[in-house]
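Dear colleague,

I am passing on the structure we spoke about, together with notes on what I found in it. Please read the notes with the coordinates open beside you.

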Amino acid sequence: MQLKLSADEVAFRDEMRTFFTTKIPAEIRERAANGELKYPDDIVTTMQILDDAGLCVPNWPTEWGGQDWTPIQHHIWREELALASVPDPLPFNSAMVGPVIAEFGSQAQKERFLPPTANCGIWWCQGFSEPEAGSDLASLKTRAVRDGDEWVVNGQKTWTTLGQYADWIFALVRTNPDAPKRQQGISFLLIEMNTPGIEVRPIQLIDGGYEVNEVFFNDVRVPADQLVGEENAGWSYAKFLLGNERTGVARVGNTKVALSRAKKLAAETKTATGTLLDDPLFAARLAELENELLALELTQLRVVASSADGKPNPASSLLKLRGSELQQAATEILADIAGPESLAVAPPDPDAANGSADIAAPSWAQRTVPTYLNYRKVSIYSGSSEVQRQIIDKAVLGL
């Protein structure tokens, strides 16, 4: 097959590249590259700029801000976004609830929610996982009981990413506990986060951050017209959503940026015989990662080209599996370049107001280990590596 971009595709790539590097503020892109985004402001600003240009939600239907692009153009858009260090559009908005509302929501819901979802006028979070329903999502227990023109919701969600900033949550709730199968009796509900009875509690992660939360529902009353689609059909909508979530999940562009940075930093890191990049073992390790990333990129292009009919390609599980491994390998090599400075801890300083002295290690080095630890998640979300291997086993290899 032909993997070289056509002249029109090259022109499209150049158009995207120029827009991303000139219209998105340089300070936002610099913060994104350094892992120092200001939440929620940087995401909101970026999405508004992209949405004004029709470049925020190209995967949506055209009447709601999408683009009539080829799969290759969608691929180019995503890669150039990453290469320019432009913050991704909030995935809960652009890749999850937006497409669900566009496909299954009422006309009133589309008009009410889709425009502010596209420009981040609403910040959404995802209410799927529960303490006993993570990978086995069908066992969720959060209940919604109909009471006149409202649903009354009780239960708990966990691992709710960026829920501390959210205006709304889209939640899977059990509306028929007596359904013959666990996948049945589940509905898809839109809930405003300032509704009485909702409590958000942050969870501190191993990297020291507060990226995720617990969300508790105690007799939360939700207007009945905020149910998406049909009652008890939420499992089908969730499968549709998860298919959209896996779009571009290999994140080849992001890993390219990380490896490019690793090469630059290695060339600046002095050793007894020159620089770290001069070390043959390190150079071979970096070259191997670059070659594996190139192979993944070519595989991604093949999958994209073969998905032109709009049907999902089970080979995308290969992209998810290998993409996760290479993202983690990139964070590991950056931590190794930082060396002991990646574990810098401020010594006690009785004269300092906060009880500690400034850390001498550069900020990029200090971030490497927290980032390494945070990226352990990528082999779990959007379908764990074990699940991807099962899909490859059955749907790709036919074993």
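For the accessibility terms below, buried means under 20% relative accessible area, exposed means over 50%, and partly exposed lies in between, with a 1.4 Å probe and protein chains only as cover. This is a predicted model, in which local features need pLDDT of at least 70 and side-chain atom pairs count only at pLDDT 80 or more, while totals for chains, interfaces and linings use all residues. Residues are numbered from 1 along each chain as its sequence is written, and side-chain values use heavy atoms, with hydrogens and water left out.

I begin with the charged pairs. A salt bridge is taken here as a side-chain nitrogen of Lys or Arg within 4 Å of a carboxyl oxygen of Asp or Glu, and the structure holds 18 of these salt bridges. One of them joins D14 to R13, with 3.3 Å between the closest N and O atoms; D14 is partly exposed at a relative accessible area of 33%, and R13 is partly exposed as well, at 23%. Another is formed by the side chains of E150 and R221, at 2.8 Å from N to O. This pair links distant parts of the chain, since E150 belongs to strand β3 (residues 150-157) and R221 to strand β7 (residues 212-223), 71 residues apart. For these elements, helices (H or I, at least four residues) and strands (E, at least two) are DSSP runs numbered from the N terminus. E150 counts as partly exposed at 28% relative accessibility, and R221 does too, at 38%.

An unreviewed UniProt entry carries the annotation "domain: Acyl-CoA oxidase/dehydrogenase middle" over residues 125-220; UniProt positions are given in the numbering used here, feature names are shortened, and annotations may be inferred rather than shown by experiment. Over residues 125-220 the chain is 0% helix and 47% strand, with 17 Å between the end C-alpha atoms.

How many disulfides are there? With a disulfide defined as a pair of cysteine sulfur atoms within 2.5 Å, the count comes to 0. For C56 the closest cysteine sulfur is that of C120, and at 7.9 Å it is too far for a bond; C56 is buried, at 2% relative accessibility. C125 is likewise in no disulfide, the nearest cysteine sulfur, again that of C120, being 12 Å away, and C125 is buried with a relative accessible area of 0%.

Finally, the surface: L318, V396, L397 and L399 make a nonpolar patch of about 380 Å². Patches are made of residues with over 30% relative accessible area and no salt bridge, like charges being joined within 9 Å and nonpolar side chains (Val, Leu, Ile, Met, Phe, Trp, Tyr) within 5 Å, and accessible areas come from the Shrake-Rupley method with a 1.4 Å probe, where for residues only the protein chains shown count as cover.
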